[in-house]
Amino acid sequence: MHNLWIVFLTAIFLSTIILLYRNRSRIRSSPSPSLPLGTLGWPLIGETLEFISCAYSDRPESFMERRRRMYGKVFKSHIFGSPTIVSIDAEVSRFVLQSDSKAFVPSYPKSLTELMGQSSILLINGSLQRRVHGLIGAFFKSPHLKAQITQEMESYIQKSMGSWRDDHPIFIQDEAKNIAFQVLVKALISLNPGEEMEFLRKQFQEFISGLMSLPVNIPGTRLYRSLQAKKKMVKLVGKIIQERRNINQPSKVPKDVLDVLLNDSSQLLTDTLISDNMIDLMIPGEDSVPVLVTLAIKYLSDCPAALQQLTEENMRLKSLKAERGETMTWSDYLSLPFTQTVITETLRLGNVIIGVMRKAMKDVEIKGHRIPKGWCVFAYFRSVHLDESQYDWPYQFNPWRWQDKNISSCSFTPFGGGQRLCPGLDLARLEASIFLHHFVTQFRWVAEDDSIVNFPTVRMKRRMPVWVKRRRDYS
């Protein structure tokens with residue numbers, strides 16, 4: 001009996017040793033996620049200079065492509081003063097965009113964060129961000145605002161295009177900026193053309209020039225001048241806010257974004273937060289929408305087949321509305337299928353927004369990669385949009401590719417994604433559709449040679465000069 005117990009205990013001991021060994025082997029055979037491959041570059045400056053050098057070239061994604069060949073689609077680097085995980089992997093970028101503030105928060109270069117301020121919708125987090133984003137997003141989607149935008153856009157376009165002549169070039173980028181800025185400011189704070197609008201435009205151009213400047217805030221520097229310009233704009237918006245508050249009768253139907261935020265009952269939105277965000281929300285009117293319009297016209301100028309199909313589509317709608325004695329509505333503009341594919345392809349190829357930056361609030365694992373707490377993540381959309389494994393002939397302007405392709409896929413993120421998806425994406429499409437409709441139905445044109453500058457923001461080097469000739473069939 002005693003010998004049986006010894007045999008039994010020995011068997012248990014040996015079984016335990018075997019199990020422990022197998023578990024240890026299993027742990028060794030499944031290594032924990034590791035930091036992505038890559039290099040942090042030089043002390044302090046990292047790889048920032050090389051990144052910027054590539055960004056100014058015709059192929060700004062070349063910085064990413066060289067590292068993709070060496071390290072894969074997710075790699076480590078050091079840019080803009082921070083150790084950074086760069087993602088040109090569509091799935092990884094989507095994961096980052098969809099994550100909440102417990103995992104990732106916005107992180108941008110110091111000059112940009114100083115100019116935006118801590119209360120900017122680009123930087124706030126949690127319930128406050130969701131509240132502000134939700135209020136603005138709901139208003140931007142409202143049929144009431146879309147109808148207002150359409151009416152304002154048509155009015156400014158007719159006034160602008162009515163003065164165009166064929167004996168000197170028209171600079172499309174300037175014309176689009178002039179129109180889009182006024183339309184957006186009207187939607188934000190109901191400011192009409194006049195001295196205050198011109199003052200705001202002048203100060204805003206000074207402000208936006210410093211978004212990617214050196215983070216040195218002393219008199220005479222670019223950042224200092226931009227901050228002074230923002231103070232002047234905030235003062236103007238603050239005066240409008242005070243005038244609204246003095247009325248003491250909240251409008252039942254908000255006429256602009258300012259009304260929407262002032263009518264909020266949560267008590268979370270201070271006047272400072274509202275003023276700062278009114279300024280930040282003007283950026284699409286000076287930058288994103290005009291550049292989208294300008295790039296679309298550039299690509300159409302270089303692609304006669306697409307221009308012909310888009311023109312015929314818009315001419316048919318124009319004739320139909322004229323026969324019925326009807327005016328164009330916002331839904332009419334958005335109902336043009338080929339026009340929408342042209343806008344979509346322009347967003348993909350032009351990459352008005354090249355990517356977003358986030359900061360990890362904890363160690364995060366994504367597809368076998370470890371992102372350490374405190375590191376930045378740069379989700380670089382441009383490389384995904386120009387990835388030949390996602391798009392055939394990615395550098396070719398081909399709006400027909402979208403006739404059978406899903407624009408909601410993770411490989412197409414021109415407006416970001418997740419809780420921070422751009423709230424004005426529908427309005428951007430609407431404004432571009434209205435401009436293109438009136439341009440192609442009123443004019444034929446010849447574009448001068450011009451090139452795209454990709455950094456620090458996307459724009460045309462010569463502001464897209466075209467020589468226009470009014471159509472004889474236009475009435």
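Predicted model: local features only at pLDDT ≥ 70, side-chain atom pairs only at ≥ 80, totals over all residues.

Guide: Residues are numbered from 1 along each chain as its sequence is written, and side-chain values use heavy atoms, with hydrogens and water left out. A few terms come with that opening: helices (H or I, at least four residues) and strands (E, at least two) are DSSP runs numbered from the N terminus. Contact means heavy atoms within 4.5 Å. Axes are lines fitted to C-alpha atoms, for helices over the stretch in contact, with angles from 0 to 180 degrees between N-to-C directions.

Pairing here requires DSSP to find at least two bridges between two strands. Strand 9 (residues 443-447) meets strand 12 over five bridges, in the antiparallel sense. Within that pair, W445 stands opposite V468, and V446 stands opposite W467. On the other partner, strand 4 (residues 170-171) is joined to strand 12 (residues 465-470) by two bridges, again antiparallel. There, I170 stands opposite V466.

Five strands form it, open and in the order 1-2-8-5-3, with mixed pairing. Strand 1 (74-79) and strand 3 are its edges, and each has a single partner strand, so one side of each is left without a neighbour. From one strand to the next, the twist averages 35°. Helix 3 (residues 62-71) lies across strand 1, strand 2 and strand 8, at about 135° to strand 1.

Strand 2 (residues 82-87) runs parallel to strand 8, joined by four bridges, whereas strand 5 (residues 355-360) runs antiparallel to strand 8, joined by five. A379 of strand 8 is the bridge partner of S87 and also of V356. V377 is the partner of I85. In a regular strand the side chains alternate between the two faces of the sheet. For strand 8, both faces are covered: C376, F378 and Y380 are buried on one side, V377 and A379 on the other. That makes five buried residues out of five along residues 376-380. Buried means under 20% relative accessible area, exposed over 50%, and partly exposed in between, using a 1.4 Å probe and protein chains only.

The open spaces come next. On a 1 Å grid over the protein atoms alone, a cavity is a set of points where a 1.4 Å probe fits but cannot get out; a pocket is an open set with protein on both sides within 12 Å along at least five of seven lines; lining residues have an atom within 4 Å of a point. Grid points are joined across faces, edges and corners, and a volume is the space filled by probe spheres set on the points. The largest pocket has about 500 Å³ and 23 lining residues, with F80, P109, K110, S111 and P215 nearest its centre. Helix 2 (48-55), helix 5 (110-116) and strand 5 each give its lining at least two residues. By class, that lining has 14 nonpolar, seven polar and two charged residues. Ala, Val, Leu, Ile, Met, Phe, Trp, Tyr, Cys and Pro count as nonpolar, Asp, Glu, Lys and Arg as charged, and the others, Gly among them, as polar.

Helix 5 also holds T113, a buried residue with a relative accessible area of 19%. Leaving aside residues up to four places away in sequence, T113 touches Y108 and L123.

Finally, the cavities: the structure holds five of 30 Å³ or more.
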